[in-house]
Amino acid sequence: MKHSVLEVCADCVQSAINADKAGADRIELCSNLLIGGVTPGKALFKLIRKYTEVKIRVLLRPRYGDYCYNDYEFEQLKEEVQMYHELGADGVVIGILRPDGQLDEERMFELIKIAGNMDTALHRAFDACVNPMEAMEQAVSLEMKTILTGGQSGNAWNGRELLKELNEKSAGRIEILAAGGINAELIEKLIPLTGIASYHMSGKAVVESSMTYRKAGVSMGLPERDEYALWQTSKEKVIQAVQVLKNVQNK
């Protein structure tokens with residue numbers, strides 16, 4: 001198997017530290033992972049740079065929802081690419097679709113040009129596009145480094161057939177980074193089926209809030225969520241995934 005990669009999606013300093021200590025190859029930094037992740041602030045980036053040595057790619061997504069952006073949102077994305085280039089991020093994770101579900105190559109090219117020598121990865125806008133093989137070829141022609149995908153499914157196991165096809169047809173020209181419900185057990189099942197060596201996981205676990213006083217009936221966020229149950233990357237889950245990849249690598 002080609003060289004393996006484990007990327008961990010983190011939206012707080014503690015999660016990034018846990019991923020780094022557990023042996024992750026890089027993190028995808030975002031905020032608000034609960035809604036799929038949006039662009040993080042630079043203070044979070046700078047703190048993770050301070051407390052870890054892990055490679056950081058930054059997710060750039062101006063809002064929750066679809067990937068078809070208006071002119072203001074596109075302007076915001078350009079500013080964010082420039083900001084993270086100046087801050088020294090290792091890469092940016094981006095994606096824009098046209099209303100017809102095609103990859104917006106023209107706008108993507110503009111972002112990639114601003115990114116300069118940073119890695120550029122196509123995020124899961126790919127999973128919402130109309131033609132995945134065409135989008136893959138477009139990403140290759142744009143000289144992007146990575147496609148993050150669940151095989152056009154919310155769960156990589158359900159998307160395993162497309163993941164296999166993408167891996168085969170990409171032929172090493174672009175990294176296919178499998179995502180969606182990834183854990184050690186699933187990696188072990190997906191490797192022989194798909195041949196994919198790169199995986200993206202959050203490794204999230206619920207951590208109890210340190211609050212002892214809890215005001216009943218007051219919620220500032222999603223009403224179905226318990227605000228005193230926090231998500232955080234589990235060091236143990238990442239260690240398990242790293243070990244699976246090492247075992248396969250050493251065979």
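Predicted model: local features only at pLDDT ≥ 70, side-chain atom pairs only at ≥ 80, totals over all residues.

Guide: Strands of a sheet pair through backbone hydrogen bonds, in either a parallel or an antiparallel manner. In this structure, eight strands form a closed barrel in the order β1-β2-β3-β4-β5-β6-β7-β8, and their pairing is parallel. On average, neighbouring strands of this sheet are turned by 25 degrees against each other, direction ignored.

Visitor: How many helices and strands does the secondary structure of the protein chain contain?

Guide: The protein chain has eight helices and 10 strands.

Visitor: How should I read the pairing of β1 with β2, and how many bridges are there?

Guide: One looks for the bridges between the two strands. Strand β1, residues 5–10, runs parallel to β2 and is paired with it over four bridges. Within this pairing, Cys9 stands opposite Glu28 of β2.

Visitor: Which residue of β3 is the bridge partner of Glu28?

Guide: The partner of Glu28 in β3 is Arg57. Four bridges join β2 to strand β3, residues 55–59, again in the parallel sense. Here the chain crosses from β2 to β3 by way of helix α2, residues 42–51, and this β-α-β crossover is right-handed.

Visitor: What joins β6 to β7?

Guide: Strand β6, residues 146–149, and strand β7, residues 175–178, run parallel and are joined by four bridges. One of the pairs consists of Thr146 and its bridge partner Glu175 in β7.

Visitor: What does the radius of gyration tell us about the protein chain?

Guide: The value is compared with that of a compact globule. For 251 residues such a globule would have a radius of gyration near 18 Å, and the protein chain has 18 Å, so the two agree. Its C-alpha atoms fill a box of roughly 55 × 50 × 35 Å along the principal axes.

Visitor: Finally, how much accessible surface does the protein chain have?

Guide: The accessible surface comes to about 12300 Å², and carbon and sulfur atoms account for 49% of this surface.

Terms used: Residues numbered from 1 in each chain as written. Heavy atoms only, no water. Pairing = 2+ DSSP bridges. Axes fitted to C-alpha atoms, helices over the stretch in contact; angles between N-to-C directions. Rg over C-alpha atoms; globule rule 2.2 N^0.38 Å. Areas by Shrake-Rupley, 256 points an atom, 1.4 Å probe, with all protein chains shown as cover. Right-handed = clockwise from strand over helix to strand, strands pointing away.
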